[in-house]
Amino acid sequence: MAAGPTSADPSTSAPPPASTPGGGAIVLDRVSRWFGNVVAVNDVSFSIGPGITGLLGPNGAGKSTILNILAGLLRPSAGVATVDGRPTWRDPEVYRRLGLVPEREAMPGYLNGEEFVTYRARLQGVRDPAAAARRALQAVELSGVARRPIGTYSKGMRQRAKLAGALVHDPVVLLLDEPFNGLDPRQRLHMIDLLRRMAGDGRTILFSSHILEEVERLAERILVIYAGRLAAAGDFREIRRLMTDRPHTFTIRSSDDRRLASELIADPAIFATELTDGRLSVRTAEYGALTRLLPRTARAASVSLFEVRPTDESLESVFGYLVGQGGGRR
Amino acid sequence: MILTIAVATARAVLGRRRTILLVLLAAVPALVALLARGSGVSATETTALTIDLLVVRAVLPIVALVLGTAALGSELEDGTAVYVLASPVARWQIVVAKLLVAIVGTFILAGVSTLVTGLVLATDGPSLGLVWASVLGVLVGSVVYCALFVALSLVTTRAFIVGLIYVLVWEGALASLFGGTRFLSVRQYVVGVANGIGQPPGAPFGDTLPIESALMLAAVVLVLAAALAVERLRAWEVRPAD
């Protein structure tokens, strides 16, 4: 990935040239997109090649905007998005190499699954559309209901039909917007397996998700998007470590909060304690350090712990922290 | 490729309910013609008046409005256009396919409506000639209206309302009142062609554009509207909410 193994401020690093052997290089070069006064994507650059990359971020972070810009369905207000060196905006020819699974559920309900995928194959100029459609439907395990109108499909079936329609022309690049939405656990496993196989064949797969665990299970590399900015990019484990090592705040209820606060603040791993509304807030730089320190200190001070609760564990706060880190390094 | 898209569009646009409603609308002039038959006025005048009032001013623009704005507009509105647009198909081919469906659908309904209405009323040679001339006029009208409404669906998400205002306010009132605005009225092209080919005695369609002007203006509007539609489709973007 162009943004380096791990970077909390990847937008400042220029993407390398799209030179992936066999193709499938996706590059976003200083791309911004605004809608009126709202900045949806802010100066984002990255470059990815074959393999699975996860686009992680909370709802409304700008993931769909980025995928739509990459798919040539949104004009970048600034910067350029390319697939194999070819700008995607206003160039339908890129769709020969690119497949897209949009997030929107709407599908042509008057077609059945087989007709829909065959239609997609024809539009893509596939030589034997019927055979390609059969293969694609088989790959997503939808052959059994292929003759049923899409209007009667469940959310999971629609998701798989969309995937079949996106991969029917065997694209080198596959963009998927929240592909796991509506899938049951078994279908999720199947989708993960399918995407891994496709990546194993040398395809470039970029999928978005707001669920950390989903990305963790599938992606080798991740791009973290928050508030329209690229908060971090690189190897998943590195980003995970960065997320874990950020400052954490815990709320503690004990038999003697004041005494516990004075004992804890003596440790260098704790950089703030606060007593408000009968509760003790503790801020630490290291998650692990507090979990080891707290029981030891409480026992030594003869204080009973009633409740220990992290207060800022939402993904938003994690992403916010990563963006803050990036800003701090500028 | 055009045929592939056209077939899918026809299935999307001509849903059962919509088709039944449009067929019922197209049948109204013929039913009225049955009542107006033998009303005493000359066959040519009655035929021209009924076709003009009920088909050219009502059935034709309304059917074209429904099919023209639905052919592409519905897909753009609900987001399913992505499945066509995310393919290596030239945008002009998509526009042509959508136009073809709208035009053929409109002409079948409005053309048959004209023909049946006319045949119910026409009793002599001149009035029969006028019926066939009107069918050709309606063909020109189907092409131009559909091109306008397909282009309109790429300009605004409220294409149906804007189109309805054009038909009712502009064509229905202003273009009839002010002769100078005739060249901007599709209805004038339709009756201009019908008048020019049928050459009915008297002036049953009123003072119309000469057929040459009507055809030339129709061609200009068609080309401009189609070019606008292609250009808008090339730059079409999914909505932010998507």
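This is a predicted model: local features need pLDDT of at least 70, side-chain atom pairs count only at pLDDT 80 or more; totals for chains, interfaces and linings use all residues.
Of the 242 residues of chain B, 51% count as buried.

Staying with chain B, what does its secondary structure come to? There are 10 helices and 0 strands. Read from the N terminus on, the elements go α-α-α-α-α-α-α-α-α-α.

Next, the overall dimensions. Along the principal axes, the C-alpha atoms of chain B fill a box of roughly 60 × 40 × 30 Å. The radius of gyration of chain B is 18 Å, and this agrees with a compact globule, because a globule with 242 residues would have a value near 18 Å. As for contacts in chain B between residues at least 6 apart in sequence, 80% of them join residues at least 24 apart.

Now the interior. In soluble globular proteins, nonpolar side chains tend to be buried together. Here the largest nonpolar core has 157 residues. Which residues have the most contacts inside that core? They are B:Val63, B:Cys146, B:Ala147 and B:Val150. The helix that gives the most to this core is α7 of chain B, residues 125–155, with 17 residues.

Take B:Ala147 as an example. If we leave aside its neighbours within four places in sequence, B:Ala147 is in contact with B:Leu99, B:Val221, B:Leu222, B:Ala225 and B:Ala226. There is also a second, separate core, of 12 residues, and A:Phe250, A:Ile270, A:Leu290 and A:Ala298 are among them.

In what order do its strands lie? The 4 strands run β13-β14-β12-β15 in chain A, forming an open sheet with antiparallel pairing. At the edges are β13, residues 270–276, and β15, residues 305–310, and each of these pairs on one side only. From one strand to the next, the twist averages 20°.

Looking at one pair in that sheet, β13 of chain A is joined to β14, residues 279–284 of chain A, over 6 bridges in the antiparallel sense. Within this pair, A:Glu274 stands opposite A:Ser281, which belongs to β14 of chain A.

Last item: what lies across these strands? Helix α8 of chain A, residues 257–264, lies across β12, β13 and β14 of chain A. The strand β12 covers residues 248–254.

Key
Residues are numbered from 1 along each chain as its sequence is written. Chains are lettered from A and ligands numbered from 1 in the order in which they are written. Two strands pair if DSSP finds at least two bridges between them. Helices (H or I, at least four residues) and strands (E, at least two) are DSSP runs, numbered from the N terminus. Axes are lines fitted to C-alpha atoms, for helices over the stretch in contact, and angles run from 0 to 180 degrees between N-to-C directions. Two residues are in contact if their C-beta atoms, placed from the backbone, lie within 7 Å. The radius of gyration is taken over C-alpha atoms; the globule rule is 2.2 Å times the number of residues to the power 0.38. A residue is buried if 20 or more other C-beta atoms lie within 10 Å of its own, exposed if 12 or fewer, and partly exposed in between; C-beta atoms are placed from the backbone. A nonpolar core is a set of buried Ala, Val, Leu, Ile, Met, Phe, Trp, Tyr and Cys residues joined through C-beta atoms within 7 Å.
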